[in-house]
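Colleague: Put the model up, please, and let's go through it together.

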Amino acid sequence: LTLAQILTVNANIQFPATQVASAGANVLDDYEETSFTPTYQDTSFSDAESQTYTTQTGVATKIGRVVTIQGRCDIDSLGTLTTTDAVVLAGLPFTSSGDASVAIGSATSLAITAGQSVAATANISTTRIGLFLWDAAAGVTNLLVSELSATGALWFGGSYVV
């Protein structure tokens, strides 16, 4: 069938109820929509540090090997996160196979200086997003838990490969 015939007959692209894996490199055989719960972690990478949140939302769409994400994570209390450690966003639904840029759409209530901005990458072989602080004078450094602050909020989005 040609693409025109498929669109005429079915009016949309359909996927089977159960994935049918294919060895063909150019066969689209994987589509998934899911939600996830982002959390902040320090470099101990533990979720159990008694932090609390006002908002934790994330959605993802996986098409083949590409995952597109968007989410929001608003913290209400840092709990026992170590304030001198770097902070990451954890809880991505799929493990990244390589570093990939993630956009920070908005950041509020952070303890950073005017002119500084937050950058992010999906970290290789993890389900975490590394968070960085960009400053014209200092360059790029890890975002620290103390810079997240007890009421920090991030909206994020991007794509990565699994």
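Colleague: Which residue forms a salt bridge with D30?

Modeller: Ground rules before anything else: this is a predicted model, where local features need pLDDT of at least 70, side-chain atom pairs count only at pLDDT 80 or more, and totals for chains, interfaces and linings use all residues. Residues are numbered from 1 along each chain as its sequence is written, and side-chain values use heavy atoms, with hydrogens and water left out. A salt bridge puts a side-chain nitrogen of Lys or Arg within 4 Å of a carboxyl oxygen of Asp or Glu. Here the closest N and O atoms are 2.1 Å apart, and the partner of D30 is K62.

Colleague: Is K62 buried or exposed?

Modeller: The cut-offs are under 20% relative accessible area for buried and over 50% for exposed, with partly exposed in between (1.4 Å probe, protein chains only). D30 is buried because its relative accessible area is 12%. K62 has 10% relative accessibility, so K62 also counts as buried.

Colleague: Which residue meets D74 in a salt bridge?

Modeller: The structure holds two salt bridges. D74 is found in strand 4, and at 6% relative accessibility D74 counts as buried. The N to O distance is 2.6 Å, and the partner of D74 is R72.

Colleague: Which residues does D74 touch, not counting those up to four places away in sequence?

Modeller: Contact means heavy atoms within 4.5 Å. With residues up to four places away set aside, D74 touches Y53, T54, T55, G152, A153 and L154.

Colleague: Which residues is L89 in contact with, leaving aside neighbours within four places?

Modeller: L89 is one of the core residues that touch the most other members. Beyond four places in sequence, the contacts of L89 are P38, T39, Y40, C73, T127, R128, I129, L131, L154 and F156.

Colleague: What distance is the polar contact between S159 and T68?

Modeller: S159 lies in strand 10 and is partly exposed, with a relative accessible area of 34%. Apart from sequence neighbours up to four places away, S159 touches V66, V67, T68, A100 and S101. A polar contact is a pair of N or O atoms within 3.5 Å; within protein, one must be able to donate a hydrogen and the other to accept it, and residues adjacent in sequence count only if both atoms are side-chain atoms. The side chains of S159 and T68 make one at 3.1 Å.

Colleague: Where is S149, with its positive phi?

Modeller: Phi of S149 is near 75°, and this is a residue other than glycine. At 14% relative accessibility, S149 counts as buried. S149 lies in the loop between helix 2 and strand 10.

Colleague: And S50, where is that one?

Modeller: S50 also has a positive phi without being glycine, near 55°. S50 is placed in the loop between strand 2 (39-41) and strand 3.

Colleague: To finish with the whole chain, what pattern does it follow along the sequence?

Modeller: The protein chain has two helices and 10 strands. Of its 162 residues, 35% count as buried. Among contacts with a separation of 6 or more, 69% are between residues 24 or more positions apart. Read along the sequence, the pattern is α-β-β-β-β-β-β-β-β-β-α-β.

Terms used. Core = buried A, V, L, I, M, F, W, Y, C linked by side-chain atoms within 4.5 Å. Helix = DSSP H or I, 4+ residues; strand = E, 2+ residues; numbered from the N terminus.
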